[in-house]
Amino acid sequence: MVSITGDMSPLHPDRNLALELVRATEAAAIRSVPFIGRGAKEAADGAAVDAMRAFLGTVAFDGVIVIGEGEKDDAPMLFNGEKVGTGKGPQCDVAVDPIDGTSLTAAGRNNALSVIAVSERGTMLDASSVFYMDKIVTGPEGVGVVDIRLPVGENVRRLAEALGKPVDELVVSVLNRPRHEKLIAEIREAGAGTRLMTDGDVAGGINAARHNARTDMCIGIGGSPEGIVTACAIKALGGHIQGRLWPRDDDERQRGVDAGLKFDHVYEADELVDSKNTIFVATGVTDGQLVAGVRRDGGFVYTESVVLRGASGTLRRITSEHLTSKWL
């Protein structure tokens, strides 16, 4: 097996692994289709988890789930510490979100994704004891320019200057939550526009980091798992990401301390994922800026996925046509 670093070692995730992982996100997305718009987010998540687990079991790698999803709302989950893959091949840390945007799926709204991120064993920050993280994400122009410790208005002005555009043309993505009311007001007071997301901040972060995307920055408090997953994608895009853990109470803070996590600390990209050998794959569940959602037409199911590899700095799009009869 040729590694993504170019040597012949079997220890690193490679491009073949990236393409194999797409099968798992495709399966999770397809299995969630019957639940789109049906108001049953747990059922959608459960179907996606079962499909992703089954397909991951066929992939030739020795994976351990470092960042799973589900503990914060008692949803079905691929649990932290669970081993996935055949056990043969590269040893990898794995972050999964069978559906990033279960509420979006249940409501039939845009931007729900099925996501897997992979890096070398021991390189992902295990932030599972603290469910939320304050994050800032931009494209390459934000590297060395914006900083999560600065006032948001200052970051808006700095990024606009780096991008060579007027502040009033800058668009900032933020999760539409009560905790962000002050943040949203400050962005608008600085002169920038906002794109309020109902859910799914992985897609929001990636869109902010992509070249010629419709948004320029993604900022605010979202899930810690989503922060790690997004960092794997940002490695391939050359963008900027920082995060600060956001415990909900003293007990959660103490659990984080006990797990060796740092508070009042800004985690840079290489602290979130200490590897250039990252792989990020995502398949659209519902339509969004990043990828199209699953579409059924007669005897076929159509999916669109993206594969981002940190080592090569590439984003590939994969469109697939599946026989419906194989999924019944």
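The model is predicted: local features need pLDDT of at least 70, side-chain atom pairs count only at pLDDT 80 or more, and totals for chains, interfaces and linings use all residues. Residues are numbered from 1 along each chain as its sequence is written, and side-chain values use heavy atoms, with hydrogens and water left out. The protein chain holds nine helices and 14 strands. Helices (H or I, at least four residues) and strands (E, at least two) are DSSP runs, numbered from the N terminus. The radius of gyration is 19 Å, close to the 20 Å from the globule rule for 328 residues, so the chain is as compact as a globular protein of that length. That radius is taken over C-alpha atoms, and the rule is 2.2 Å times the number of residues to the power 0.38.

**Overall build**

- The C-alpha trace spans about 55 × 45 × 40 Å along its principal axes.
- Of the 328 residues, 56% count as buried. Buried means under 20% relative accessible area, exposed over 50%, and partly exposed in between (1.4 Å probe, protein chains only).
- Among contacts between residues at least 6 apart in sequence, 68% join residues at least 24 apart. A contact means heavy atoms within 4.5 Å.

**Surface and charge**

- The accessible surface of the chain comes to about 13,700 Å². Carbon and sulfur atoms account for 48% of that surface. Areas come from the Shrake-Rupley method with a 1.4 Å probe; for residues, only the protein chains shown count as cover.
- There are 36 positive and 46 negative side chains. Lys and Arg count as positive, Asp and Glu as negative; His and the chain ends are not counted.
- The centres of the two charge sets lie 4 Å apart. Each charge is placed at NZ of Lys, CZ of Arg, CG of Asp or CD of Glu.

**Aromatic pairs**

- A search of the whole structure finds two aromatic pairs. Rings of Phe, Tyr and Trp (its six-membered ring) pair if their centres lie within 6.5 Å; planes under 30 degrees apart count as stacked, over 60 as edge-to-face and the rest as tilted.
- Tyr132 and Trp246 have ring centres 6.3 Å apart and planes at 85°, so this pair is edge-to-face.
- That pair links distant parts of the chain, 114 residues apart. Tyr132 sits in strand E5 (residues 132-138), and Trp246 in the loop between strand E9 (240-245) and helix H8 (250-258).
- Trp246 is partly exposed, at 34% relative accessibility.
- Phe300 and Tyr302 have ring centres 6.4 Å apart and planes at 40°, so this pair is tilted.
- Phe300 is partly exposed at 30% relative accessibility. Tyr302 is also partly exposed, at 22%.

**Buried sites**

- Helix H6 (residues 201-209) has nine of its nine residues buried, so it is largely enclosed by the rest of the structure. Among them are Asp201, Asn207, Gly204 and Gly205.
- Ala48 lies in helix H2 (residues 41-56). Ala48 is buried, with a relative accessible area of 0%.
- Leaving aside neighbours within four places in sequence, Ala48 contacts Ala28, Pro98 and Ile99.
- Ala48 and Arg255 are 207 residues apart in sequence and 29 Å apart in space, C-alpha to C-alpha.
- Gly153 belongs to helix H4 (residues 152-163). Gly153 is buried at 12% relative accessible area.
- Gly153 and Leu183 are 30 residues apart in sequence and 9.5 Å apart in space, C-alpha to C-alpha.
- Ser275 is in the loop between helix H9 (269-272) and strand E11 (279-284). Ser275 is buried, at 5% relative accessibility.
- Beyond neighbours within four places in sequence, Ser275 contacts Ser119, Glu120, Thr123 and Lys235.

- Asn111 has a phi near 80°, a positive value in a residue other than glycine.
- Asn111 is placed in the loop between helix H3 (102-107) and strand E4 (113-120). Asn111 is partly exposed, at 25% relative accessibility.
- Asp264 has a positive phi of about 55°, although it is not a glycine.
- Asp264 lies in the loop between H8 and strand E10 (267-268). Asp264 is exposed, at 76% relative accessibility.
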